[in-house]
Amino acid sequence: MSQNGLLTLPLHAVAHGRTGDKGNTANISVIAYRDAGWPVLLEQVDEARVLALFAPMGATRATRYLAPGLKGLNFVIEDALQGGVNSSLGLDRHGKTLSFLLLGEVMVTCPRAAVPEGSPYLK
Amino acid sequence: MEKIVHIGCAAGFAGDRFDASGPILADMAGRAGPKYLLFETLAERTLAAAQRLREQDPEQGYSPYLERYLRPCLAEAKRLGVRIVSNLGAANPLAAGRRALELAAAQNIPNMTVCVVTGDDLTAYLSPEELQAFPTVEGGAVAGRKILAANAYLGARPIAAALAMGADMVLVGRGVDSALALGPLMYEFGWEAAAWDRLAAGTICGHLLECGSQVTGGYFADPGFKDVPDLAGVGYPIAEVSADGSMVICKPAGTGGLVSRATVAEQILYEMHDPARYLVPDCVADVSEIRLGEAGPDRVRVEGVRGEAAPETLKATLCVENGWLAEAELSYAGPNALARADLAGTVVRERLARLGWDGPLRVEILGAGAVHSGGGAPSFGLAPDGEYRLRVAAPAPDREGAERVADEVLSLYCAGPAGGGGYRRQVTQEVATVSALIPRDRIEPHIRLHRIGGDAR
């Protein structure tokens with residue numbers, strides 16, 4: 001797993017986040033645990049990767065916003081909720097669970113310092 | 001001594017815990033300065049049901065939870081001088097105010113003054129045709145659908161004005177959630193209408209508080225990765241706000257939960273789109289360069305919020321009828337459970353097709369990636385044995401059609417594959433919401449303040 005001192009891990013190892021919804025649009029924050037994780041997010045977690053993940057569920061567009069003060073990205077993903085609370089037939093109409101789909105499916109290559117001390121990913 | 005305004009929030013959605021105000025008030029007993037207690041209990045579509053209740057009984061239509069939230073805290077809040085600000089008014093804020101006064105009278109609380117803000121209910125002064133003509137931004141068209149409720153998101157200024165009238169409690173209907181905190185701050189600090197950075201800071205204060213424990217460790221725990229001490233005893237938040245708009249987010253002494261830069265950061269971006277342009281009736285807030293700092297255990301300092309001029313239009317939510325939804329589930333467990341659940345789904349599909357059902361239908365297997373699959377076929381590579389749960393969902397124009405779908409899942413008990421158990425069904429009348437943008441001058445002249453109780457009685 002380690003290469004040049006770098007680790008390849010799910011985004012979940014270096015960032016946390018939460019989903020919000022407005023109509024059929026989801027927003028998912030991706031916030032670095034450590035300063036060393038912020039450049040990893042900026043360089044590797046882009047609109048194309050996020051849209052590719054949610055396109056099978058119907059998403060048509062992903063926009064990435066930056067909140068440098070929080071070391072956070074905010075993805076706004078249109079048509080991600082199959083109609084959302086108004087009309088989705090799915091179980092999770094708000095898309096509340098989607099933040100963990102993103103954190104689990106996107107892989108990143110990062111320095112060890114981007115992962116919090118004591119993280120199960122370092123064991 | 002620097003003036004600090006203390007604002008606690010004891011409910012973050014309709015149905016949030018009813019006992020969260022106790023620890024907030026206990027903590028506030030030891031605090032000097034103006035003190036406020038917020039309850040945010042109004043979801044977008046809640047107003048459709050509330051409006052229906054009001055049509056049936058002119059003294060109903062406020063939050064059905066009003067008594068459960070207010071009864072435990074009214075006497076102590078009045079005794080401590082903690083003023084309550086809430087959207088418990090829902091579709092009938094005046095009736096909510098009268099009911100709150102009755103509760104106070106029943107507890108022998110003297111001299112209670114309630115101020116009620118009205119004017120958010122657009123159906124009171126705009127016709128359905130006028131409502132349908134405004135441009136919509138979310139949720140599609142209104143034309144041809146019955147409007148159940150139409151409410152504008154009011155801002156903080158009426159709340160500030162109500163406090164200036166001496167209210168112990170301010171009750172509103174639809175308003176932007178953040179105004180529940182910004183209103184008290186405008187009143188206490190005399191922030192001018194064009195002090196955009198301050199108004200934005202107060203808006204973000206409200207944004208951080210409005211989901212209750214979501215900023216104090218609720219909805220945050222991820223065991224082993226993001227641990228939260230004593231989550232079962234999570235304390236609801238208190239903001240300590242200074243005149244320059246900077247604030248400390250904390251929680252009542254002796255409660256569980258966690259306030260850290262991470263809990264605050266997650267809540268700042270919650271339900272936000274462009275962090276540099278968060279639009280509310282009172283301003284446009286910019287949190288892109290916000291600064292968070294540890295200010296002691298479970299205390300986070302928040303500063304650096306910037307603001308710009310408020311938008312020209314106000315957002316309104318229109319609730320329209322949207323038919324019925326059927327949902328039904330049945331579990332399969334043990335050897336070959338996945339194949340049995342899959343066959344059960346096939347049976348439901350074929351039965352409904354033979355009965356002439358031609359509407360949308362979602363058949364999925366929980367445990368086989370259903371929540372994240374978008375309703376597709378079960379993924380490959382799943383264990384054939386284990387626990388799987390068939391779920392069927394379909395929209396229907398009427399209740400009868402929805403019941404028919406759920407009945408087909410029920411009939412699997414005898415006529416489906418072997419060993420299905422744990423049937424549950426839900427048939428729900430659906431409400432859709434549409435957001436429209438409406439010029440301020442069509443709404444603001446209709447905003448009214450009503451002072452009831454106290455020495456006005």
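How many residue pairs are in polar contact between chain B and chain A? The count is 20 residue pairs, both at pLDDT 80 or more, a polar contact being a pair of N or O atoms within 3.5 Å, of which, within protein, one must be able to donate a hydrogen and the other to accept it, while residues adjacent in sequence count only if both atoms are side-chain atoms.

This is a predicted model, in which local features need pLDDT of at least 70 and side-chain atom pairs count only at pLDDT 80 or more, whereas totals for chains, interfaces and linings use all residues. Residues are numbered from 1 along each chain as its sequence is written, chains are lettered from A in the order in which they are written, and side-chain values use heavy atoms, with hydrogens and water left out.

At the interface, 48 residues of chain B are in contact (heavy atoms within 4.5 Å) with 41 residues of chain A. The area buried between the two chains, that is, the accessible area (1.4 Å probe) lost on being put together and summed over both, is about 3700 Å², and carbon and sulfur atoms give 57% of this area. The rule finds two salt bridges across the interface (a side-chain nitrogen of Lys or Arg within 4 Å of a carboxyl oxygen of Asp or Glu); one of them joins Arg18(A) to Glu266(B), with the closest N and O atoms 3.0 Å apart.

The side of chain B that touches chain A divides by class as follows.

| Class | Members | Count |
|---|---|---|
| Nonpolar | Ala, Val, Leu, Ile, Met, Phe, Trp, Tyr, Cys, Pro | 22 residues |
| Polar | the others, Gly among them | 12 residues |
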